[in-house]
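Reader: I'm new to this one and would like to go through it slowly. Could you put it up, and then we can start with how charged side chains pair?

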Amino acid sequence: MSTGNEIERSDRDPRDVQIFSALLTPHRSLNRTGFLAVMLFVSAVSFVTGLVFLMMGAWPVFGFFGLDVLVIWWAFKANFRAARASEEIVITPSELRVRRVSHRGQVAEWTFNPLWVRLDQEIDEEYGIEHLYLISRGSRLRIAGFLGPEEKTSFYNALVGALNAARRGPTYNPVT
């Protein structure tokens with residue numbers, strides 16, 4: 001029986017504890033249900049309008065309306081395919097890992113020492129933060145490309161805090 005006052009001890013190495021973890025994905029405002037609703041609406045409007053032209057004797061227009069629906073469907077499918085990309089950033093006291101997965105499933109990984117990593121940004125006066133970079137030993141890696149300017153600002157602040165915590169190193173906290 002537990003009274004709730006016992007201190008839970010962890011056998012994990014303090015260098016492997018995650019200080020920061022973020023999974024970044026492209027923003028998509030239209031989900032699968034919305035996609036079906038839009039496609040049904042576009043198909044119905046195109047079909048009815050195509051029938052009107054067919055009744056007037058302009059039968060080739062009916063085929064072009066079908067072609068329009070097909071092009072819109074293809075564009076949405078390409079957009080959904082691109083949404084499969086992701087970027088994961090994990091910081092522990094001993095390493096900073098960036099794992100990028102393309103929309104085709106190709107994986108690229110980078111590992112840095114958080115003590116040597118510097119965070120850089122390109123700022124536009126009107127737009128805000130345009131690009132964020134991790135710089136270490138002369139290499140420069142662009143990160144957080146999916147985010148908008150306000151989100152990049154928030155992400156930048158959180159990442160700076162996590163890098164500072166990693167530089168301080170694992171701390172002993174008997175309460176946790």
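Author: A salt bridge here means a side-chain nitrogen of Lys or Arg within 4 Å of a carboxyl oxygen of Asp or Glu. Please keep in mind that this is a predicted model. By that rule the count comes to four salt bridges, and one of them joins the side chains of Arg100 and Glu87, with N to O at 2.7 Å.

Reader: Which parts of the chain does the Arg100 and Glu87 pair link?

Author: Arg100 sits in strand E3 and Glu87 in strand E2, so the pair links distant parts of the chain that are 13 residues apart.

Reader: And is Glu87 buried or exposed?

Author: Glu87 counts as buried because its relative accessibility is 3%, under the 20% limit for that class. Arg100, at 26% relative accessibility, counts as partly exposed.

Reader: What other salt bridges are there?

Author: Among them is Glu109 with Arg99, whose closest N and O atoms are 3.2 Å apart; Glu109 is in strand E4 and Arg99 in strand E3, ten residues apart. Another is Glu122 with Arg140, where the closest N and O atoms are 3.3 Å apart. Glu122 lies in strand E5 (residues 118–124) and Arg140 in strand E7, so this pair ties together parts that are 18 residues apart in sequence.

Reader: You keep naming strands, so in what order do they form the open sheet?

Author: Four strands form it in the order E1-E2-E3-E4, with antiparallel pairing. Strand E1 (20–24) and strand E4 (107–112) are the edge strands, each pairing on one side only, and the twist from one strand to the next averages 10°. Within the sheet, E2 (residues 86–91) and E3 (residues 96–101) are joined by six bridges, and Ile91 has Leu96 in E3 as its bridge partner.

Reader: Switching topic, which residues touch the most other members of the largest nonpolar core?

Author: Those are Leu134, Ile143, Phe155 and Leu159, out of 23 residues in that core. Helix H3 (149–168) is one of the elements giving two or more residues to this core, and H3 gives the most, with six.

Definitions and conventions: Residues numbered from 1 in each chain as written. Predicted model: local features only at pLDDT ≥ 70, side-chain atom pairs only at ≥ 80, totals over all residues. Heavy atoms only, no water. Pairing = 2+ DSSP bridges. Axes fitted to C-alpha atoms, helices over the stretch in contact; angles between N-to-C directions. Core = buried A, V, L, I, M, F, W, Y, C linked by side-chain atoms within 4.5 Å. Buried < 20%, exposed > 50% of the residue type's maximum accessible area, 1.4 Å probe, protein only.
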